[in-house]
Amino acid sequence: MSLIYYDFETTGLNQFHDNITEYCFMRENYTNEEKPTLTSLCNPEKPIPDIVTRITGIREDMVQNLPNFQNQSTSILEFLNLNASPTFFVAHNGDNFDFIILREQFKKSGFNIHSFPIYSIDTLLLAKKLYPNLQKHNLGFLCKTFNCYQTSAHRAQDDTMMLRSLYIHICGELAGIMGTDSQTILGNPQLVYNYINGF
């Protein structure tokens, strides 16, 4: 059983037509402090709107000579090692955006990720279920509220680090609800998945 935090920067918010400009995958490693991470810019092979550049800082000249996501997909799959065991992908708003992007981009590469034992953990849904009275549930607000890792940069690796910090905090909260310790929750993402989905 493995846990992977991930985040994408894209040319827009259409999961089926916009393309990836940057990705980050971070594999949780409970045996040491180093977290294996794979991150890279990608050529989206379509214009990057000015508003996206203002948000992310990613310009067309930064990516124009790089391979697209599809040309990096084999090395990404090697890093993810999806054949090894059930893999839980953690993203904020993952079920409505990132996980769909992941599926569609791999489909363009000729890979059906649903042929692997994978599950999506959406920390947005998790936060809404745990903290229904908060006025907002976006990643930045939650990290600020719970004093998690924060950065002003809207880039894939920075957001993935924020995501991991938030997830660890939430697992601590879940541990109290479930009457166990946070390491048990962190080491068993199936428990988090079941909580979100009401199993």
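Predicted model: local features only at pLDDT ≥ 70, side-chain atom pairs only at ≥ 80, totals over all residues.
Residues are numbered from 1 along each chain as its sequence is written, and side-chain values use heavy atoms, with hydrogens and water left out.

Colleague: How many salt bridges does the count come to?

Modeller: Side chains of opposite charge can pair when their charged atoms come close. The rule asks for a side-chain nitrogen of Lys or Arg within 4 Å of a carboxyl oxygen of Asp or Glu. By this rule, the count of salt bridges comes to 5.

Colleague: How many residues apart in sequence are the parts that glutamate 22 and arginine 155 tie together?

Modeller: The closest N and O atoms of glutamate 22 and arginine 155 are 2.8 Å apart, and the two form a salt bridge. Because glutamate 22 lies in strand β2 (residues 20-27) and arginine 155 in the loop between α6 (139-145) and α7 (156-178), the pair ties together parts whose separation in sequence is 133 residues, where helices (H or I, at least four residues) and strands (E, at least two) are DSSP runs numbered from the N terminus.

Colleague: Is glutamate 104 buried or exposed?

Modeller: Glutamate 104 forms a salt bridge with arginine 103, their closest N and O atoms being 3.0 Å apart. Buried means under 20% relative accessible area, exposed over 50%, and partly exposed in between (1.4 Å probe, protein chains only). Arginine 103, at 25%, is partly exposed, whereas glutamate 104, at 11% relative accessibility, counts as buried.
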